[in-house]
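Colleague: I have a structure open and some questions about it. Can we go through a few residues together?

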Amino acid sequence: KTAANYAMHNADPSKKKLNPAGKWNSSKIIFTKKKVEHWLNGEIVLSFVPWSEDWYKRKNESKWKNAEKYGSFKKGYIGLQDHDSQLWFRNIKIRKL
């Protein structure tokens, strides 16, 4: 599920090229009020419009349908997630656009 907007949007599998175990992958996420882009190893693999009609439809049909506040915060903490496997991060940079 790398590069997905969890349970809402999946990355394009034809563009998603992951490096083998032991090699680093690079990721860039650009999030504005008008568009979200997720880049993986130099390729754009996912794009969607946050809080759009489509976004709310997907939310209301997903595991988040009963999570009233899901996606409602416009600023705050950023969480890094794994699913019970070894994971490493390096060179994390966050800047306001």
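**Core, surface and one lysine**

Modeller: Go ahead, but keep in mind that this is a predicted model.

Colleague: Where is lysine 63?

Modeller: Lysine 63 is in the segment after α1.

Colleague: Buried or exposed?

Modeller: Lysine 63 has a relative accessible area of 52%. That counts as exposed, because the cut-off is over 50%.

Colleague: And which residues is lysine 63 in contact with, leaving aside its neighbours within four places in sequence?

Modeller: Tyr6 and Ala7. The side chains of lysine 63 and tyrosine 6 are joined by a polar contact of 3.2 Å.

Colleague: What separates the C-alpha atoms of lysine 63 and asparagine 5?

Modeller: A distance of 12 Å, with the two residues 58 apart along the chain.

Colleague: Changing topic, which residues make up the largest nonpolar core?

Modeller: There are 10 residues in all, among them Ala3, Met8, Val36, Trp55 and Trp64. The largest share, 3 residues, comes from β3.

Colleague: What does valine 36 touch, apart from neighbours within four places in sequence?

Modeller: Its contacts include Ile29, Phe31, Leu46, Phe48 and Pro50.

Colleague: Which residues form the nonpolar patch on the surface?

Modeller: Ile78, Leu80, Leu87, Phe89, Ile92 and Ile94. Together they have about 640 Å² of accessible area.

Colleague: Why does isoleucine 94 count as exposed?

Modeller: Because its relative accessibility is 64%, and exposed means over 50%. Isoleucine 94 is found in the segment after α1 (53–60).

Note on methods: Residues numbered from 1 in each chain as written. Predicted model: local features only at pLDDT ≥ 70, side-chain atom pairs only at ≥ 80, totals over all residues. Heavy atoms only, no water. Patch = residues over 30% accessible without salt bridge, like charges linked within 9 Å, V, L, I, M, F, W, Y side chains within 5 Å. Areas by Shrake-Rupley, 256 points an atom, 1.4 Å probe, with all protein chains shown as cover. Salt bridge = Lys/Arg side-chain N within 4 Å of Asp/Glu carboxyl O. Helix = DSSP H or I, 4+ residues; strand = E, 2+ residues; numbered from the N terminus. Buried < 20%, exposed > 50% of the residue type's maximum accessible area, 1.4 Å probe, protein only. Contact = heavy atoms within 4.5 Å. Polar contact = N/O pair within 3.5 Å; in protein donor to acceptor, adjacent residues only side chain to side chain. Core = buried A, V, L, I, M, F, W, Y, C linked by side-chain atoms within 4.5 Å.
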